[in-house]
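Please read it alongside the sequence and the coordinates.

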Amino acid sequence: MKFFVDTADTAAIRELNDLGMVDGVTTNPSLILKSGRDILEVTKEICEMVSGPVSAEVVATEAKDMIEEGLKLAKIAPNIAIKVPLTWDGLTACKAFASEGHMVNVTLCFSAAQAILAAKAGATFISPFIGRLDDINLDGMQLIEDIRTIYDNYDFSTQILAASIRSVNHITDAARIGADVITAPPAVIKAMANHPLTDKGLAQFLKDWDATGQKII
Ligand code: E4P
C-alpha cells in the first residue's frame with residue numbers, strides 16, 4: 001500500500017518524507033488556502049522534495065479551461081498528477097490529459113458508478129472520499145470495497161486512492177480491503193504509531209530498568 005500525505009504543509013511533508021513514509025502528496029484548493037502560500041510556488045517545493053506523484057487540482061469547471069489549467073500545473077514538475085473533479089467536464093479533461101501521458105487523479109468520487117467512468121476515462125487514480133460519506137451516515141468503506149471488486153472484475157488499472165481519511169481505522173480498513181493508496185493528514189499517519197499497551201509496556205520497562213541500577217551508556 002502506498003502512503004500519500006494529504007497536505008500542503010511542507011514542514012509536515014518533510015518530517016514524514018525523511019522517514020521514508022511518503023510515496024506521494026495530495027493537495028486541494030482548501031489545503032492551499034490553509035497553507036497560505038501560492039499554489040505554483042508551494043507545489044514546486046513539494047515536487048522537489050517528494051519523488052512520487054503530487055496532486056495539484058484544477059479549479060475551472062469547463063473542460064477546455066480545466067485542460068489549460070492542468071497543462072500549466074503539469075509544467076511545475078514531471079511528477080505532477082493533475083487533479084480534476086468527477087464531473088462530465090472533469091472526465092473529458094481526464095481523457096485529454098491521460099491521452100497525452102499525464103497522471104490524472106479524479107477526485108470527489110462518491111459512488112461506484114462514478115469510479116467506473118473515471119477508469120474508462122483513463123484516470124491514474126480515483127479518489128473516493130470515505131470521511132465525507134461517513135459524515136452523512138453513508139458507508140465510505142463500503143464504497144472502497146465496491147470499487148475494488150469492480151476494478152478487479154475488469155482489470156481496470158486505475159489505482160484506488162482512499163481519500164478523506166479521518167482515523168487510523170480508516171487506513172487499516174482500506175488496507176484490508178486492498179485500496180492501492182491512502183492519502184491522509186500527517187496527524188493521522190503519525191497516530192498510527194500510538195497504542196496504549198505500547199505506552200504502558202514502555203513505562204513498566206523503564207521503571208524496572210531504573211531498579212536494576214544499570215546503564216547502557
Ligand atoms: C483528497 O485528495 C482530498 O484532498 C482529501 O482527502 C479531502 O479530505 P477531507 O474530506 O478531510 O477534506
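A residue is buried if 20 or more other C-beta atoms lie within 10 Å of its own, exposed if 12 or fewer, and partly exposed in between, with C-beta atoms placed from the backbone. Lys83 counts as buried because 26 C-beta neighbours fall inside 10 Å. The model is predicted: local features need pLDDT of at least 70, side-chain atom pairs count only at pLDDT 80 or more, and totals for chains, interfaces and linings use all residues. Residue numbers start from 1 along each chain as its sequence is written.

**Confidence and overall layout**

- The mean pLDDT (the predictor's confidence in each residue, from 0 to 100) is 98 for the protein, and 100% of its residues reach 70 or more.
- The scores of the model are ipTM 0.97 and pTM 0.97.
- The protein has eleven helices and eight strands; these are DSSP runs numbered from the N terminus, with helices (H or I) of at least four residues and strands (E) of at least two.
- Along the principal axes, the C-alpha atoms fill a box of roughly 70 × 40 × 30 Å.
- The protein has 217 residues, of which 36% count as buried.
- Two residues are in contact if their C-beta atoms, placed from the backbone, lie within 7 Å. Among contacts with a separation of 6 or more, 53% are between residues 24 or more positions apart.

**Strand pairing around S1**

- Two strands pair if DSSP finds at least two bridges between them.
- Strand S1 (residues 2-6) runs parallel to strand S8 (residues 181-184), joined by four bridges.
- S1 also pairs in the parallel sense with strand S2 (residues 24-26), over three bridges.
- Val5 has bridge partners on both strands: Ala184 in S8 and Val25 in S2.
- A right-handed β-α-β unit is made by S1, helix H1 (residues 10-18) and S2; right-handed means that, with the strands pointing away from the viewer, the path from the first strand over the helix to the second runs clockwise.

**Ligand shell**

- Around the ligand are Asp6, Thr26, Asn28, Thr107, Ser127, Phe129, Gly131, Arg132, Ala163, Ser164 and Thr183; a residue is near a molecule if its C-beta atom, placed from the backbone, lies within 6 Å of it.
- The shell divides into two nonpolar, seven polar and two charged residues. Ala, Val, Leu, Ile, Met, Phe, Trp, Tyr, Cys and Pro count as nonpolar, Asp, Glu, Lys and Arg as charged, and the others, Gly among them, as polar.

**Positive phi**

- Most residues other than glycine have a negative phi.
- Ser164, also part of the ligand shell, has a positive phi of about 55 degrees although it is not a glycine.
- Ser164 sits in the loop between S7 and helix H9 (168-177) and is buried, because 22 other C-beta atoms lie within 10 Å.
- Asp155 has a positive phi near 55 degrees and lies in the loop between helix H8 (140-154) and strand S7 (159-162).
- Asp155 is exposed, because 7 other C-beta atoms lie within 10 Å.

- Lys83 belongs to strand S4.
- Neighbours within four places in sequence aside, Lys83 is in contact with Ser55, Ala56, Glu57, Val58, Asn105 and Thr107; Thr107 is also in the ligand shell.
- Ala77 lies in the loop between helix H4 (63-74) and strand S4 (80-85).
- Ala77 is partly exposed, because 16 other C-beta atoms lie within 10 Å.
- Not counting residues up to four places away in sequence, Ala77 touches Lys44 and Cys47.
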